[in-house]
Amino acid sequence: MAALLGADRLTAVAETGAGTGPVTRALLDAMPAEGRLWSFEIDPALAAGLRERFDDPRLTVVAESASEAPRIAREAGLDGFDGIVSAIPYTLLPRQTTLELLDAQRRALQPAAPLVLIQYRPEYIVPFLRRMFGRFERHFYPWNVPPGFLFRVRRAR
Ligand SMILES: C[S@@+](CC[C@H](N)C(=O)[O-])C[C@H]1O[C@@H](n2cnc3c(N)ncnc32)[C@H](O)[C@@H]1O
């Protein structure tokens, strides 16, 4: 996900659905020294675990929903994030929540900036991505357990 995002070239990245932090680790490893990462995790216990696990001044753990990403970007003085990675399990959520979360992440991006998602049931997310972003790229990633599909979309210019 970090490689598909191009995290090594980005300085203001958000991650949504950070969990215990495997993607957080990969992003921090890839990002430049002057980069900053905002990792959103809605579960307060998992967010606390992320704060304990990572001692990195580039990381801000946000114990709030990804729906708050546009506000967090504004409060950080950003026009938008350079890129977002998302591991939220959209298939388990009501359709309206999926729409709202994808819309919030789209609005939190700078124009043309990428959003990379990992999903396990591509047939669920594809119609949302078509409707909200138009074009999308799809990659199969067999090394994940379970094997996953990575999608990359971009905010319109
Ligand atoms: C499948 S886990 C992914 C964890 C980790 N990124 C990984 O790859 O192992 C999904 C995470 O998304 C979090 N989550 C669900 N809805 C969220 C939301 N609206 N905003 C932020 N995090 C959310 C869950 O609490 C959970 O930790």
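This is a predicted model: local features need pLDDT of at least 70, side-chain atom pairs count only at pLDDT 80 or more; totals for chains, interfaces and linings use all residues.

User: Why is P122 called partly exposed?

Analyst: P122 has 15 C-beta neighbours inside 10 Å. Buried takes 20 or more and exposed takes 12 or fewer, so with its 15 P122 lands in between and counts as partly exposed.

User: What does P122 touch, leaving out residues up to four places away in sequence?

Analyst: R138 and F149. F149 is 27 residues from P122 in sequence, yet the two C-alpha atoms are 6.7 Å apart.

User: What makes β1 mostly covered?

Analyst: Strand β1 spans residues 12–16, and five of its five residues are buried. A12, A14 and T16 point one way, V13 and E15 the other, and all are buried.

User: How do you know that β1 and β2 pair?

Analyst: Pairing takes at least two bridges. β1 and β2 (residues 36–40) have five, in the parallel sense, so they qualify as a pair. A12 stands opposite R36 there. With helix α2 (residues 22–30), the two strands make a right-handed β-α-β unit.

User: And what makes β1 and β4 a pair?

Analyst: Again, at least two bridges are needed, and β1 and β4 (residues 83–86) have four, also parallel.

User: Which residues are closest to the ligand?

Analyst: G17, G19, I42, A66 and A87, out of 17 that surround it. That shell divides into 11 nonpolar, four polar and two charged residues.

Conventions
Residues are numbered from 1 along each chain as its sequence is written. A residue is near a molecule or strand if its C-beta atom, placed from the backbone, lies within 6 Å of it. Ala, Val, Leu, Ile, Met, Phe, Trp, Tyr, Cys and Pro count as nonpolar, Asp, Glu, Lys and Arg as charged, and the others, Gly among them, as polar. A crossover is right-handed if, with the strands pointing away from the viewer, the path from the first strand over the helix to the second runs clockwise. Two residues are in contact if their C-beta atoms, placed from the backbone, lie within 7 Å.
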